[in-house]
Number of protein chains: 4
Amino acid sequence: MRFASDNAGPVHPKVMAALAAANDGYALPYGDDTIMDEVSARIRTLFEAPEAVVYLVATGTAANALALATLAHPWQTIFCTAPAHINVDECNAPEFFTGGAKLTLVEAADAKMRPEMLRGVIEIEEKRGVHGPQRGPVSLTNVTELGTVYSTEEIAALTGVAKDYGLPTYLDGARLANALAATGASPAEMTWQAGVDAVSFGGTKNGLMGVEAVVLFDPAHAWEFELRRKRAAHLFSKHRYLSAQMLAYLEDDLWLEMARAANAANARLADGLRATGTVDYAHAPDANMSFAAWPRAAHRRLHDAGASYYVWEGALEGDDPDEMLTARLVCDWSASNAATDQFVELVQGKGTAVPVSDRS
Amino acid sequence: MRFASDNAGPVHPKVMAALAAANDGYALPYGDDTIMDEVSARIRTLFEAPEAVVYLVATGTAANALALATLAHPWQTIFCTAPAHINVDECNAPEFFTGGAKLTLVEAADAKMRPEMLRGVIEIEEKRGVHGPQRGPVSLTNVTELGTVYSTEEIAALTGVAKDYGLPTYLDGARLANALAATGASPAEMTWQAGVDAVSFGGTKNGLMGVEAVVLFDPAHAWEFELRRKRAAHLFSKHRYLSAQMLAYLEDDLWLEMARAANAANARLADGLRATGTVDYAHAPDANMSFAAWPRAAHRRLHDAGASYYVWEGALEGDDPDEMLTARLVCDWSASNAATDQFVELVQGKGTAVPVSDRS
Amino acid sequence: MRFASDNAGPVHPKVMAALAAANDGYALPYGDDTIMDEVSARIRTLFEAPEAVVYLVATGTAANALALATLAHPWQTIFCTAPAHINVDECNAPEFFTGGAKLTLVEAADAKMRPEMLRGVIEIEEKRGVHGPQRGPVSLTNVTELGTVYSTEEIAALTGVAKDYGLPTYLDGARLANALAATGASPAEMTWQAGVDAVSFGGTKNGLMGVEAVVLFDPAHAWEFELRRKRAAHLFSKHRYLSAQMLAYLEDDLWLEMARAANAANARLADGLRATGTVDYAHAPDANMSFAAWPRAAHRRLHDAGASYYVWEGALEGDDPDEMLTARLVCDWSASNAATDQFVELVQGKGTAVPVSDRS
Amino acid sequence: MRFASDNAGPVHPKVMAALAAANDGYALPYGDDTIMDEVSARIRTLFEAPEAVVYLVATGTAANALALATLAHPWQTIFCTAPAHINVDECNAPEFFTGGAKLTLVEAADAKMRPEMLRGVIEIEEKRGVHGPQRGPVSLTNVTELGTVYSTEEIAALTGVAKDYGLPTYLDGARLANALAATGASPAEMTWQAGVDAVSFGGTKNGLMGVEAVVLFDPAHAWEFELRRKRAAHLFSKHRYLSAQMLAYLEDDLWLEMARAANAANARLADGLRATGTVDYAHAPDANMSFAAWPRAAHRRLHDAGASYYVWEGALEGDDPDEMLTARLVCDWSASNAATDQFVELVQGKGTAVPVSDRS
């Protein structure tokens with residue numbers, strides 16, 4: 001019952017096999033490996049973007065901060081939501097990489113911006129000429145940090161607002177695979193066809209060891225991005241091991257297979273929890289992540305049975321067994337039906353405290 | 001009728017005289033002038049802070065950004081209000097000088113933080129260990145950017161919250177003289193005795209040509225501040241001309257005399273405008289600045305008569321003569337009763353369009 | 001006998017008068033004053049550059065760091081000499097303002113780069129693709145930090161090398177007036193006609209209180225420079241007092257008159273010192289600055305008579321009265337013949353210890 | 001015959017096995033994995049430093065830039081040699097991570113600083129008070145970038161100079177294992193016992209996939225380093241895969257075994273090349289890297305046979321077959337005797353053009 005994060009799960013065996021296969025003799029370092037050529041070609045095909053440039057980094061924060069620094073000037077502000085990963089979970093990495101740009105928060109129910117809200121915030125900004133921060137990129141996340149998913153139409157509406165002001169849009173796709181699986185949209189439809197200028201195609205949360213692809217649809221940014229990546233110490237000498245992971249991810253749409261598995265596990269969990277009649281969902285569990293509340297007593301049962309997930313610290317120590325406490329549950333590709341079902345049963349008060357296997 | 005800003009007015013004649021007097025032969029550069037020694041001694045006396053270190057810079061943004069950079073680490077966030085000058089009027093200077101720190105906004109009616117709101121925002125921050133921005137300094141402004149004034153008790157309550165979390169407090173005192181004049185508090189009472197760690201004592205908006213004193217109550221910060229000032233190109237070679245302005249400001253409490261004059265002009269304006277029965281005050285005009293609304297027709301009369309002040313752009317072009325439009329009015333030391341009275345009469349519809357002298 | 005620095009001398013009376021004249025009523029802040037319009041127009045005329053954009057800042061370091069940051073990317077290196085002000089006297093301001101660019105030193109006798117040396121250093125740089133710093137601007141200083149002067153032909157040869165590699169050239173003109181006075185070149189000849197892309201036209205070391213004009217010959221940089229100036233806290237609210245100084249500087253070529261006076265004083269000093277037969281000049285005293293050595297005993301006589309200039313610290317305490325010790329002497333516009341002659345006589349051993357007036 | 005770099009070779013099979021073993025179910029992310037606890041404990045034992053704190057990053061540049069940023073202030077300068085990796089191969093990463101610190105070059109034959117040279121350069125720096133860059137850390141590299149090795153005594157002499165000025169010393173240990181293998185010194189002897197304050201213990205160039213341990217001997221730096229690592233996007237969510245590599249590296253001194261193999265291959269190569277009588281060594285090939293020159297004709301034979309190593313570009317196209325051209329050869333743990341011997345034979349003119357296996 002491991003639902004703490006999709007970055008706590010294992011690497012897919014096919015990816016491990018690809019790493020082993022790549023470990024054969026010598027390879028040119030720093031991205032000049034032949035596997036990377038293949039990765040670039042396949043991602044361009046997958047995204048139907050023959051001009052796009054593709055770079056690999058090892059962390060989602062690196063992908064976000066490098067892409068945003070390439071799109072933003074230090075005197076600008078980046079428009080995002082309050083729960084955005086770049087706002088709350090990157091210890092000022094965007095500010096660091098951009099050289100001191102600011103983040104301006106757009107109020108957003110369910111972590112999804114609405115066009116009118118974005119427009120209003122953009123309008124307010126830059127009323128002061130040289131004195132205020134200048135308008136910069138819009139940064140969206142899909143799957144959002146609250147587990148909701150933007151449709152391609154919703155993304156297009158937001159990039160449309162950005163374009164009205166000449167602003168580029170970045171899409172933080174740490175869980176892009178899950179968003180694509182959830183909506184059925186193609187990578188092209190959810191990104192450049194919806195007006196997105198740059199996107200990260202995350203693998204780390206979806207069965208890879210640690211690789212994110214940054215896809216820049218305007219190749220004019222290529223050399224600047226390469227210099228920024230190197231200067232930030234994110235260019236790997238033994239780059240082939242990043243390439244190999246990503247190539248395995250692309251092979252036979254493994255990325256989609258894993259994302260579908262994670263989403264299905266989350267749906268099973270949500271169906272089960274809702275059926276208990278004691279669980280309130282705070283946000284729509286559109287993909288592989290749930291934010292839901294249930295009574296403290298059930299949290300205690302889960303805790304005693306060794307379930308792992310995020311809940312407000314100190315929650316277990318409170319007095320009232322009926323108090324509703326919100327949890328975050330994240331399913332990865334390896335979540336098993338058995339673990340999911342056991343979790344639900346424990347919330348219902350029927351479960352056993354004997355842990356079952358987490359592997360499907 | 002010049003109410004656009006207190007930085008649009010003239011320099012006080014005594015300050016001009018002091019500059020002329022300082023222009024005598026040679027002087028050691030870079031702050032080693034003898035006038036600066038006198039300035040430091042007098043400011044320590046004025047603030048009753050014999051250990052404090054004092055530095056002069058030429059702009060309010062330099063004072064704010066250098067002081068905050070000395071108090072904050074790049075991985076921290078600075079707590080301030082939305083209308084704070086550091087948030088909206090410094091083109092990311094705080095982010096630049098700190099090396100990428102963030103600003104976290106505390107909701108604040110009338111631009112004045114309340115302790116419970118500050119505590120709530122501080123509590124939310126830094127729940128994520130190494131992942132989130134770390135809690136940094138609290139930055140207050142007095143007079144606030146909306147013309148309201150914190151009492152010393154209000155400041156002490158806020159610094160008390162900051163101290164609960166081990167955070168320092170900076171006071172942006174671009175209009176500190178006006179706040180002191182408004183409250184009757186002494187410089188010591190409003191700053192270190194109220195828990196403030198560093199303050200700017202602004203002169204530029206109050207009759208000087210361009211000088212702000214930064215007072216650091218903990219001398220341990222001295223050398224770092226000096227290095228930051230030099231590195232930011234804010235150490236003046238012909239420093240004596242900054243020193244001379246500040247010394248004239250201190251002489252016979254000229255700073256207080258000018259601040260009282262500006263506050264009195266604003267009070268006269270507010271009394272007059274309120275008496276018209278057609279003016280709504282958005283915030284208490286506690287010092288030398290008013291935010292008030294009156295009908296478009298009156299704005300047009302003022303405009304035709306050459307009055308100068310800030311109003312929402314495009315306001316004059318609207319159709320409805322009765323629509324209430326908010327203006328910002330700022331009085332400086334040189335505002336005349338004649339100009340103030342003429343302004344009020346024009347709002348009443350009784351004024352003449354022939355401009356009268358702005359000098360008292 | 002004040003030869004410590006040209007920034008220790010007084011402001012010219014005409015400049016003081018201009019400040020007093022500017023102190024009349026209200027003026028638009030932040031560079032929107034009408035005096036600035038006149039300054040821009042006149043500098044464009046003086047430099048024969050109708051498209052150039054002109055900005056004022058208050059320190060030479062601000063001029064250098066802002067101009068270089070506008071011309072350089074953070075991943076580049078700036079080519080300069082070892083004694084360059086930007087290398088040794090700005091406490092890493094160029095590194096700060098550029099966001100972390102590097103300086104690469106070009107060996108340079110007398111602080112003057114030679115084209116072949118510059119070419120060699122540029123060639124070595126950027127041999128490593130994305131791994132090494134990328135080639136950035138060339139930064140020259142005229143008058144150099146060692147008192148020598150580049151001719152326009154020498155500057156053109158260096159900018160020619162820069163252009164071979166597509167690199168822009170910045171000219172640190174803290175003492176540009178003195179270089180123009182020394183060579184007889186026009187501002188246009190020494191700058192854009194010689195291939196310079198941006199220049200500072202310094203006033204602070206030549207009789208102003210604290211103003212440097214930055215002239216960007218390519219107006220495409222204008223808005224970025226304005227944002228960088230604001231973000232670095234170098235945009236003055238009471239800007240008219242900067243404008244007024246610069247306008248007085250331009251009026252009747254006051255800048256040239258003062259520079260000629262300073263150069264003449266230095267020439268008189270050099271002639272006198274050389275005639276003593278005991279003084280060795282380390283570099284050609286081409287403008288208003290001398291680097292020369294003479295015996296310790298003479299330094300002691302000067303010191304006892306109250307002469308002020310830079311010499312290696314501890315020099316006076318040594319034992320050998322005949323040891324040659326190098327001094328830096330700088331003349332400003334206000335240096336008097338009497339002070340110069342007294343200095344020479346003291347070196348000769350004939351001088352009196354009674355100080356004479358430093359003012360002509 | 002692959003001698004281009006030790007980062008072009010394969011990962012050791014034991015490391016691959018450790019990665020596979022670590023890929024078992026769930027693990028706490030972000031360095032909270034249990035393997036990391038074991039790594040920290042073992043490195044403290046290996047370095048005989050029970051108080052030291054240990055962090056893993058994935059690139060050598062990250063290790064260098066993060067450690068130096070922790071030791072240096074932005075207004076300081078870091079003392080290093082001209083060929084130092086941080087100077088020529090990191091695209092300004094140290095300047096970026098430190099927030100704009102400078103590098104000051106110490107002349108150094110064979111890339112090894114001498115104490116008297118270091119002292120001289122430190123002395124010259126910081127003669128200008130607040131105006132110049134301030135003295136900062138000394139950064140050494142062992143094995144140096146030219147393949148030479150500092151003895152522990154040589155390191156102690158340099159850190160002694162640094163300590164005379166209160167400066168910390170960082171040791172870039174990208175090839176520390178090779179230096180330890182070459183000298184027989186223990187990790188403690190070469191680092192903290194020799195006065196080193198922080199060191200990177202590199203694995204990427206010595207058989208790992210991409211891991212460097214940063215060891216800070218003063219635990220007071222721990223939290224700042226953690227925040228800097230996160231803010232620079234170098235904290236890995238699936239951290240266990242970094243930990244697993246490093247643990248395998250430590251197990252049974254695999255690091256030493258691989259370093260000895262690489263050094264032995266280089267020694268065999270050097271012995272062979274020197275025996276040909278046609279090869280000049282530029283620097284002592286103390287560890288696993290050689291800088292040596294031989295005639296162009298031999299380079300052509302090697303090229304035709306598919307040998308891979310760095311040589312001055314364009315070298316092969318020159319006319320003179322006897323011109324001596326310098327190459328860089330690097331051996332990794334997997335270099336085979338067969339490949340080494342074939343290389344030597346080709347230089348001698350006896351070799352065959354049929355490639356032999358590079359794997360031992």
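User: How many positive and negative side chains does chain A have, and how far apart do the centres of the two sets lie?

Analyst: Happy to start there. In this predicted model, chain A carries 29 positive and 46 negative side chains. The centres of those two sets are 2 Å apart.

User: How do you know that the copies meet through the same surface?

Analyst: Of the interface residues of chain D, 100% are interface residues in chain A as well, so the same surface is used by the copies.

User: Why is chain A called as compact as a globular protein of its length?

Analyst: Good one! First, its secondary structure amounts to 14 helices and eleven strands. The globule rule gives 21 Å for 360 residues, and the radius of gyration of chain A is 21 Å, so chain A is as compact as a globular protein of that length. Along the principal axes, its C-alpha atoms fill a box of roughly 60 × 60 × 30 Å.

User: What percentage of the residues of chain A count as buried?

Analyst: With buried set at under 20% relative accessible area, 66% of the 360 residues of chain A qualify. The accessible surface of chain A is about 11,900 Å², and carbon and sulfur atoms account for 51% of that.

How values were computed:
Residues are numbered from 1 along each chain as its sequence is written. Chains are lettered from A and ligands numbered from 1 in the order in which they are written. This is a predicted model: local features need pLDDT of at least 70, side-chain atom pairs count only at pLDDT 80 or more; totals for chains, interfaces and linings use all residues. Side-chain values use heavy atoms; hydrogens and water are left out. Contact means heavy atoms within 4.5 Å. Helices (H or I, at least four residues) and strands (E, at least two) are DSSP runs, numbered from the N terminus. The radius of gyration is taken over C-alpha atoms; the globule rule is 2.2 Å times the number of residues to the power 0.38. Buried means under 20% relative accessible area, exposed over 50%, partly exposed in between (1.4 Å probe, protein chains only). Accessible areas come from the Shrake-Rupley method with a 1.4 Å probe; for residues, only the protein chains shown count as cover. Lys and Arg count as positive and Asp and Glu as negative; His and the chain ends are not counted. The place of a charge is taken as NZ of Lys, CZ of Arg, CG of Asp or CD of Glu.
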